[in-house]
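Colleague: I am new to this structure. Please take one part of it and walk me through that part closely.

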Amino acid sequence: MRVAIAEDSVLLRAGLERLLSEGGLEVVGSCETAEDLLLKVRSYAPDVAIVDIRLPPTHNDEGLRAALEIRAQHPSVGVLVLSQYVELGLAMKLLAESAEGAGYLLKDRISDVKDFIGAVRRVADGGSAIDPIIVSTLLSKRRSDDPLDELTPRERDVLELMAEGRSNQGIADRLVITLRSVEKYVSSIFGKLGLPSGGSESRRVLAVLLYLRS
Amino acid sequence: MPAAATLAVAAAAASIPLALAAGHADPVRVFLLEWVGVPYVLAGVIAWWCRPQSGLGPLMVAGGLASAFSGWQLAESAGAYTVGAAFDIVPAALFLHVCLAFPDGRLRSRFDRALVGVAYAAAIGLQVVKMTLGGVEPANLIEVSRQAAVVATVEDVQLLTLTAACLAGLVVLAWRRRLARPRRRSLALVVDSFALALVMVALLFMTATFGWPGFDEIQRVTLFVVGLSPIVFLLGLLDARLARSSIGDLVLQLRRDPAPPDLRDALAGALRDPSLDLAYWLPDFQTYVDLEGHPVQLRDDAERASTLIERDGQHVAALLHDRALADDRQLLDAAGAAAGMSLDNARLHADLRARVEELSGSRARVIEAGLKERQRLERNLHDGAQQRLIALSLRLSMLEKHLPPEREVRQELDAARGEIARSLEELRDVARGIHPAVLSGHGLEVAVESLAARAQLPVRLRLDVRGRLPERIEVAAYYVVSESLANVAKHAGAGEATVSLERSDGRLVVEVVDDGVGGADTERGSGMRGLADRVEAVGGRFRVWTPLGGGTRVQAEIPCV
């Protein structure tokens, strides 16, 4: 699995390179500007690009723009955006039409090495990785007579992990339950929320996020 | 001066019987000579009396006298005839002088002076040469010989020189008028009548030189036209008198203590100069400003002039008026004196405006500087401490697989990483409080959506910003939303809130509405006051409606052109 990185902090870039290589991923390009990243994506066709949202020269939205461009120009390349702040508005901008092959994580997450490598692999495989902060923000306050109130605590846990982009197997591993019971929870959740069930695991991420955001 | 005036009038009058005594004189010609001479003298005397400091009065008197003396050539006495003949052409030169010296009696340029000098030399010098060579019929007292051929040449040179001088004078008048048409109609009329007369004089001399037909008729028309000028001039003086009487009306108008903008209109009406403007002197700023407090430059050039107004020895204001008004200093001073008290009021008004302007400018600068400083701090945190902590946490994680498998060691490591995670969270909150980086990076809509997501109650959003706005406006709008949502969560007891951002007609309208208890204390704490300051500093308006039991509506309108 091939990875390209754009990160302007030397310390973090080196850390990321090491972390990924030790995790069995091949870092085919590592740079500090959005422009260089686009070049590397064109030249090396990586499976996934990891990009810091704040990149030179202005440190405003260069990283996000590069991410959106890669998603538009190279649909086969997964994009994982890292940031020191996660904002719902940016997540929705990045996902736009679909959550397939897209990730948006707080930078802090890289220190949970195993989970982070898992997220990178998921995005590279066309799945999603949405930061738990975003999901919990969306779940934190609901209106009265909210269908979410009808979910059991276990179902809520499953919903959160689903919204983060985890696969059924991933959810089962996390909650230490069987794959069968995860599937049962998922269909029960979709039924209670009135969402059309079925569809791929990454397609349901956007559906759940949009539902929570509305 | 009265003696000189009396003498002039007497001399002009005396020329009438003198001319009429000559039985053969054409009465029409005598009338026309007096038609020129008497009004000139009268107009000159009146101008002299009204404006003693102006040279125009004496000059016109001289013109009238010269015209009267030239009539003496109709007399039969040899002495009077000789004087009359010597003055034959002089009125033309004096007339040119008057035209060019109008309205203040001074010749403005070296060219004007040269032109008038040449005209005098031709009118007096060459005339004397002609007379000594016997050029005029019948014989005069200073004739020494008769050289008809030479006289003819001298006369041609004399008349053509004067023709050229008149035409050049005409060009000067036209040029001046092109630069600045006098705004007072009476002045413009005088100049026009001068120009017409110059054309006629030039035509008359050319007719005489080249022997064109109709000399007598042209001479009559010319004299008639030349005589019109002083009459028009007298009408102009009358108009100025009337203007001065309008000062009385001005005083009455000002007694009603008009608002500062009406003061200008009143003065413009009294001075009959619609272009009039006022500038107020602000001693603290050492500058003149208009009523809005914007600096004004006083002009003194071909078109505009300024008159300073003082009160109790203090500079108060300046009248900015048409150049043509400048020669009526008495009128200007009278108007200034009449407006004194009202001008003082208006000046205070302008002073206030200038101070408000300065204050709001410096407030905007202070806020701008604060914003830049906060951005810098946030960047430093982001690039420094936050990155280092993340890298540190990563290093600890990488250590993990090299650690002995004892549970205590791993627990210690996890605890350390947990500490770092909490520090990062705190730092993130601090950084966001210093400056919302998402706002600079991604604009108002994204930032407000994040605010709504983080808010402690459900928030409906209606966002219609369409693109980015200047940063100070985005920041002001952002803080209105964030502070208001914080207030709603803390005090309103609301079930939900609605945030709307709407951009239309060059304004951004930010509204935060909740369904809470209302009756918010807008003075308590610095929250609302601080928001109002922020919004007003970017030229906006901040309002709060908070009826008891009826929820609270916070609205900021910010111009964003």
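Modeller: Start at B:Leu461, which stands opposite B:Val499 in strand 7 of chain B. This is a predicted model. Strand 6 of chain B pairs with strand 7 (residues 497-504) of chain B in the parallel sense, over 6 bridges.

Now widen the view to the sheet. In chain B, 5 strands form an open sheet with mixed pairing, and their order is 6-7-8-10-9. Strand 6 (459-464) and strand 9 (541-545) of chain B stand at the edges. Each has a single partner strand, so one side of each is left without a neighbour in the sheet. From one strand to the next, the twist averages 10 degrees.

Next come the helices that lie across these strands. Helix 14 of chain B lies across strand 6 and strand 7 of chain B. Helix 14 runs at about 175 degrees to strand 6 of chain B. Helix 15 (residues 471-492) of chain B lies across strand 6, strand 7, strand 8 (507-514) and strand 10 (552-559) of chain B. Helix 15 runs at about 10 degrees to strand 8 of chain B.

In the contact between chains, 32 residues of chain B meet 28 residues of chain A. On the side of chain B that touches chain A, helix 12 (340-399), helix 13 (407-434) and helix 14 (437-454) of chain B each supply at least two residues. Helix 14 of chain B gives the most to that side, with 12 residues. The residues of that side of chain B divide into 13 nonpolar, 10 polar and 9 charged.

Terms used
Residues numbered from 1 in each chain as written. Chains lettered and ligands numbered in written order. Predicted model: local features only at pLDDT ≥ 70, side-chain atom pairs only at ≥ 80, totals over all residues. Contact = placed C-beta atoms within 7 Å. Helix = DSSP H or I, 4+ residues; strand = E, 2+ residues; numbered from the N terminus. Nonpolar A, V, L, I, M, F, W, Y, C, P; charged D, E, K, R; others polar. Pairing = 2+ DSSP bridges. Axes fitted to C-alpha atoms, helices over the stretch in contact; angles between N-to-C directions.
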